[in-house]
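Please view the sequence and the model together while reading.

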Amino acid sequence: MPHVDEIAALPGSAVTDSPTPADEPHLIRRAQQRDAAAFERLYRLHVRRVYALCLRMTANVVRAEELTQTAFIAVWDRLPRFRGESAFGSWLHRLAVNIVLMDMRTARRREERIFSTCDLPAFERAGVPMHASVRLDLEQAIAALPPQARIVFVLHDIEGWKHAEIATHLGIATGTAKTHLHHARKHLQHALQ
Amino acid sequence: MNCTEAHASLDDSVDGTLSPVESLALDAHLARCPRCREALASLRALRDAAASLPHEITPGRDLWPEIVAATAARPAPSRRLTLPLALAAAAVVVLVAIGAWSWQHRATRQPGWTVAPLAGTPHVGATPISGDARLRPGDWLETDDASRARLDVGAIGEVRLEANSRVRFVGTAANQHRLELARGTLHALIWSPPRLFFVDTPAATAIDLGCAYTLAVDAEGHGIVRVTAGYVALENGPRTVVVPAGMMCAARRGTGPGTPFAADASPALRAALDRFDFHPAERTAALDEILRESRREDSVTLWHLLSQVPAGRRGDVFDQLAALHPPPEEVTREGILRADAVMLTRWAGELGLIAASDAPYRGP
């Protein structure tokens, strides 16, 4: 019988010829004209960044995959209106953050209560110089944070957002965002001791 | 500044948002308080570790096929047009559509579905295909170890066939589109209403309930499904099992579908479940192992077992499931022990098994 892990690996995470950033403006113009091949190249360029964001914000592999797909579908819909007033990557990441937040607000699906989990193998697919076990411990501890604290921590301490930006996106006061960050850091320090 | 005030300033300190005056006050306190210095160092270490986490993680599967399918099915974003311009545009669209339909109809007037190679040279029957081809009812599509293929399931979805796979186009009608997977692996993405797309395998029939899934069949005809979106029903004779997103389910030739399990279930639980489902003589020991190994994420598996274990063991399953995922208030131990259908269904709803209105739950 085909093994579960074999099936998981079958679709592959193969990355095709990633375009260089220098290609990006040209790819964006072509994708705005509904060129699916150009859009796929933009996807290949940015998917790992968007997926990392979704995975850390949701702590749920299945939701992260779905929301990554939703984000890129939304990009396809909105790309004709992208005027280049900000970097494409920044625009895309903010769109992805909004999609995750919207999903968490409005689609609290019942299966999340039983399927939400920290999927360490998913985090293991990131190649980084930090000692692997330290990084995985930290990823696991972040995934175990309460959702609001986790989101503020991910956006502030990993993504580098300011409290005011986070507060605006979450619809909370800046002071509340700071409180969430404080609690998140306390939780993490305790968990990593 | 005392220790309480210092601790309240540490976050702003590592973030660099303290005012000069506050910073001086904190420095003065830190100079004489080793505990607060240690707390600040710990906070800085955490911030540095978080900042050095990778900003890119590769998904465990290729997410592109569903994206391209969804975007291809979407209309172009609408633009605000004045009425005369909109009418003129509509006329152009109609003319273009007629032209495109005529052209396409000429190209595809023969019955069947379009198949295209994704890699290597798949075969339709004995014919190698290098570009778009037609798969007609009764035709076999086969891939070797170097080839893969894409199959457009009419207007309702897409199937991707992995290497070393063999699938037959059984037939298509208004209310049914059917394939037979003899061996290998396919990925299905279906956007039609539920219960229109079927894949027969030697062990069970997979019925789409509005979903994306991967289905694999080995050389002995045993199968396994992994659902990534929506629901799939696995059916064999009178037994139907609904598998929700994030879960998998094995099926054995001659036995049918087993019990669904979470895609991240432990190997020990999977092995025990395989013994429980497909080796009747080992059921008692296997159930003990399942109960020991189960986590909250395995609640759906335990719920299915409630109606599969002998009545004498139902209490054990209830106790473990209730500990991991307490039942709704109106669901009682006594009710579950007598297999009360209403209570079982109520609990299933709490576990997300009746989440989709178009995928009515049909019990184990």
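The paragraphs below describe aromatic contacts and then salt bridges.

The model is predicted. Over all chains, the structure holds nine aromatic pairs. One of them joins A:F88 and A:W91, a tilted pair with 5.8 Å centre to centre and 40 degrees between the planes. Both residues lie in helix 5 (residues 88-106) of chain A, three residues apart, about one turn of the helix. A:F88 is buried, with a relative accessible area of 4%.

One aromatic cluster is formed by A:F39, A:Y43, A:F72, A:W76 and B:W64. A:W76 also has A:R34 over its face, at 3.8 Å from the ring centre. In chain B, B:R283 lies over the face of B:F276, at 4.0 Å from the ring centre.

The count of salt bridges over all chains comes to 35. Three of these contacts are listed here.

| Salt bridge | N to O distance |
|---|---|
| A:R44 and A:E40 | 2.9 Å |
| A:R44 and B:D62 | 3.1 Å |
| B:R333 and B:D319 | 2.9 Å |

A:R44 and A:E40 are four residues apart in helix 3 (residues 36-58) of chain A, and therefore about one helical turn separates them. A:R44 counts as buried at 6% relative accessibility, whereas A:E40 counts as partly exposed at 23%. B:D62, the partner of A:R44 in chain B, is buried as well.

B:R333 is partly exposed, with a relative accessible area of 31%, and B:D319 counts as partly exposed at 37% relative accessibility. Shared partners also join the salt bridges of A:D157, A:R185, B:D11 and B:D15 into one network.

Methods: Residues are numbered from 1 along each chain as its sequence is written. Chains are lettered from A and ligands numbered from 1 in the order in which they are written. This is a predicted model: local features need pLDDT of at least 70, side-chain atom pairs count only at pLDDT 80 or more; totals for chains, interfaces and linings use all residues. Side-chain values use heavy atoms; hydrogens and water are left out. Rings of Phe, Tyr and Trp (its six-membered ring) pair if their centres lie within 6.5 Å; planes under 30 degrees apart count as stacked, over 60 as edge-to-face and the rest as tilted. Helices (H or I, at least four residues) and strands (E, at least two) are DSSP runs, numbered from the N terminus. Buried means under 20% relative accessible area, exposed over 50%, partly exposed in between (1.4 Å probe, protein chains only). A charge sits over a ring if NZ of Lys or CZ of Arg is within 6 Å of the ring centre and within 35 degrees of the ring normal. A salt bridge is a side-chain nitrogen of Lys or Arg within 4 Å of a carboxyl oxygen of Asp or Glu.
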